[in-house]
Amino acid sequence: MRLEVRITRHVNRLFAHAQDTLDNRELKEEIHSNLAARIDDYISQGMSEEKAFQTAIQHIAGMDEVMSDHRRVQRVPYWTALLQSALIYSLIAWIITIPMRVLMQGSAINNLLMIVSLIVGGMYVLYLLINKTNDSATSVKTTVIRIPALVQWNRRIWWLWAVLILVLWGTQAALRFGSSIWFNRPIQVDGPYQFAVIVIAFAIPLLSVIIPLVVHRAYRIVSKYEVSDAL
């Protein structure tokens, strides 16, 4: 692959989630030029092309270090979009669990998700009503998002969720099949009803994915509502 293409791809990845503004485009061109110049300098010092490229990109660790750690976003549109996403996720989970109402455990989960949807929906409507009175004023209000912290929490929440799922699945497996495994007996499933009960028991923990999805959404929409002088 040509060196110029590698540089362009690397810089594009750095700005993958950045807003397409004049400031960011200028910054992008500046980083591209500096990176190419640094690589040429390393090569002229005797480095191989690969070594020069790897050494140069280490000086640009990522967007969090290239750009400001804090982003100003339009407060009302940002929180409205985030609440809307949380409402959609909870409604989807509620709809998915409706067939589970044939079981007592499934019914309880479905009712819980309905309550969560009502609470999130109420927060969404209330927030819209509170900020409806003076649109011109609320449109210019901003809030500061600390990107490194948000990125860190985004990663942490996915890891925590994965660990939680493994623990819950392990607990379910131990409770349902532990004695059979311990005494080396074959695992038996008595009919489709019991099979459905087992599938639902393992599927229910996956619904908690709503939480990391909301945090991930909070990060992804920052660039969409970022306030820039070039807007």
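Colleague: What makes V227 count as partly exposed?

Modeller: In this predicted model, V227 has a relative accessibility of 23%. Buried means under 20% and exposed means over 50%, with partly exposed in between. The value of 23% falls in between, so V227 counts as partly exposed.

Colleague: Where is V227 found, and which residues is V227 in contact with, leaving aside its neighbours within four places in sequence?

Modeller: V227 is found in the segment after α10, the helix of residues 210–220. Its contacts, with neighbours within four places in sequence left aside, are R72, V73, Q74 and T142. V227 and T142 are 85 residues apart in sequence, while their C-alpha atoms are 7.7 Å apart in space.

Colleague: Is S90 buried or exposed, and how do you know that?

Modeller: The relative accessible area of S90 is 1%. The cut-off for buried is under 20%, so S90 is buried. S90 lies in helix α5, residues 75–96. Apart from neighbours within four places in sequence, S90 is in contact with V116, S117 and I210.

Colleague: What makes S180 buried?

Modeller: S180 has a relative accessible area of 14%. That value is under 20%, so S180 is buried. S180 has its place in helix α8, residues 147–182. Residues up to four places away in sequence not counted, S180 touches R185, P186 and I187.

Colleague: Back to α5. How do α5 and α6 run, roughly parallel or roughly antiparallel, and how do you know that?

Modeller: Helix α6 covers residues 104–130, and α5 packs with α6 at an angle of about 160°, their axes 9 Å apart. Angles over 145 degrees count as roughly antiparallel, so α5 is roughly antiparallel to α6. The crossing in which α5 passes α6 is left-handed.

Colleague: Which residues make the contact of α5 with α6?

Modeller: From α5 they include W79, L83, L87, S90 and W94, and from α6 they include V116, S117, V120 and Y124. The residues of this contact divide into 16 nonpolar, six polar and one charged.

Colleague: Why are α1 and α3 called roughly parallel?

Modeller: Their packing angle is about 20°, with the axes 12 Å apart. Angles under 35 degrees count as roughly parallel, and α1 and α3 are therefore roughly parallel to each other. α1 passes α3 in a right-handed crossing.

Colleague: Which residues of α1 and α3 meet?

Modeller: On the α1 side they are L3, R6, I7 and H10, and on the α3 side E49, E50, F53, Q54 and I57. By kind, the residues of this contact are four nonpolar, two polar and three charged.

Colleague: What does F53 touch, neighbours within four places in sequence left aside?

Modeller: F53 is in contact with L3, R6, I7, H10 and I39.

Colleague: How many residues has the largest nonpolar core, and which have the most contacts inside it?

Modeller: The largest nonpolar core has 14 residues, and I7, V11, L35, I39 and F53 have the most contacts inside it. At least two residues of this core come from each of α1 (3–14), α2 (22–44) and α3 (49–57). The helix that gives the most is α2, with five residues. Another core lies apart from it, with 13 residues, including L82, I145, L150 and I221.

Colleague: What tends to happen to nonpolar side chains in soluble globular proteins?

Modeller: They tend to be buried together.

Note on methods:
Residues numbered from 1 in each chain as written. Predicted model: local features only at pLDDT ≥ 70, side-chain atom pairs only at ≥ 80, totals over all residues. Heavy atoms only, no water. Buried < 20%, exposed > 50% of the residue type's maximum accessible area, 1.4 Å probe, protein only. Contact = heavy atoms within 4.5 Å. Axes fitted to C-alpha atoms, helices over the stretch in contact; angles between N-to-C directions. Parallel < 35°, antiparallel > 145°, perpendicular 65-115°, else oblique. Left-handed = near helix turned anticlockwise from the far one by under 90°. Nonpolar A, V, L, I, M, F, W, Y, C, P; charged D, E, K, R; others polar. Core = buried A, V, L, I, M, F, W, Y, C linked by side-chain atoms within 4.5 Å.
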